[in-house]
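Keep the picture open beside you as you read.

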Amino acid sequence: MGFFSGKAENRNDRLPPGQTLYTSFPVLSYGPTPHIEHTDWQFTLDGLVDDPVTLSWDDLMKLPQSETTTDIHCVTRWSKLDTKWRGVWLDDLFSLVHVKKDATHMLAKSYGGYTTNLPLDEVIGHKAMIAHTFEGSDLTIEHGGPARLFVPALYFWKSAKWVNSISFIDHDVPGFWEQYGYHNHGDPWKEERYSDY
Ligand SMILES: Nc1nc2c(c(=O)[nH]1)N[C@H]1C(S)=C(S)[C@@H](COP(=O)(O)O)O[C@H]1N2
Ligand SMILES: [Mo]
């Protein structure tokens, strides 16, 4: 008994307030799912950089590939523990362009038009990746394949599926859900679910 209750306690420590533990992996997409072949896939880094770049899939694969096993938390109250992802840390991507000193935020844009905003200091330092592999298999299209943004410390809407570009900006600009009432920041431990207005 002690063994099981110990484990349960441990799990509860990892569950932010108001969240429920899931073993399934729900799909939450607003609008249609874009089908992008690897050969057509492109990813652009632009805005406040000295040299904007557009990467092909092969370019992405030639960058250092990293793995992380992390819990994820959706604002609709499901959480999933120990999800395993492989991809490229934003640190390694950002080293391809010289980000200007006045850049404070990024806006991620996806195929299909979805956007989300993030402060740079919350994605730098191996906190976010462009993920293409989930639990050892290619990321399925429903979950954002060929590649999605993965920012596990914030509610999962910040993890833009089918990501296509990151623009560096010197101010904050609300993304898609952030304009429609979700919290601008989205820390699950502070229950930053919705904006107050
Ligand atoms: N491009 C795009 N990215 C998106 C979304 C979306 O509708 N479009 N939904 C967001 C929301 S609200 C959540 S909770 C997660 C869901 O990811 P999943 O479908 O892989 O569980 O993706 C986020 N990223
Ligand atoms: Mo969500």
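Strands here are DSSP runs of E with at least two residues, and helices are runs of H or I with at least four residues, both numbered from the N terminus. Two strands pair if DSSP finds at least two bridges between them. This is a predicted model, where local features need pLDDT of at least 70, side-chain atom pairs count only at pLDDT 80 or more, and totals for linings use all residues. Residues are numbered from 1 along each chain as its sequence is written.

Now find the open sheet of five strands, whose order is 3-2-11-6-7 with mixed pairing. Strand 3 (53-56) and strand 7 (115-119) form its edges, each pairing on one side only. Strands of a sheet pair through backbone hydrogen bonds, either parallel or antiparallel. Strand 6 (residues 105-110) and strand 7 are antiparallel, with five bridges; Ala 108 has Thr 116 of strand 7 as its bridge partner.

Next come the pockets. On a 1 Å grid over the protein atoms alone, a pocket is an open set of points where a 1.4 Å probe fits, with protein on both sides within 12 Å along at least five of seven lines; lining residues have an atom within 4 Å of a point. Volume is the space filled by probe spheres set on the points, which are joined across faces, edges and corners.

The largest pocket has a volume of about 500 Å³. It is lined by 29 residues, and Leu 28, Ser 29, Tyr 30, Tyr 114 and Trp 177 are the closest to its centre. The second largest pocket has a volume of about 210 Å³. Among its 13 lining residues, Ile 36, His 38, Leu 139, Gly 145 and Pro 146 lie nearest the centre. Helix 2 (57-62) and strand 8 (129-134) each give two or more residues to this lining.

Technical notes
Chains are lettered from A and ligands numbered from 1 in the order in which they are written. Side-chain values use heavy atoms; hydrogens and water are left out.
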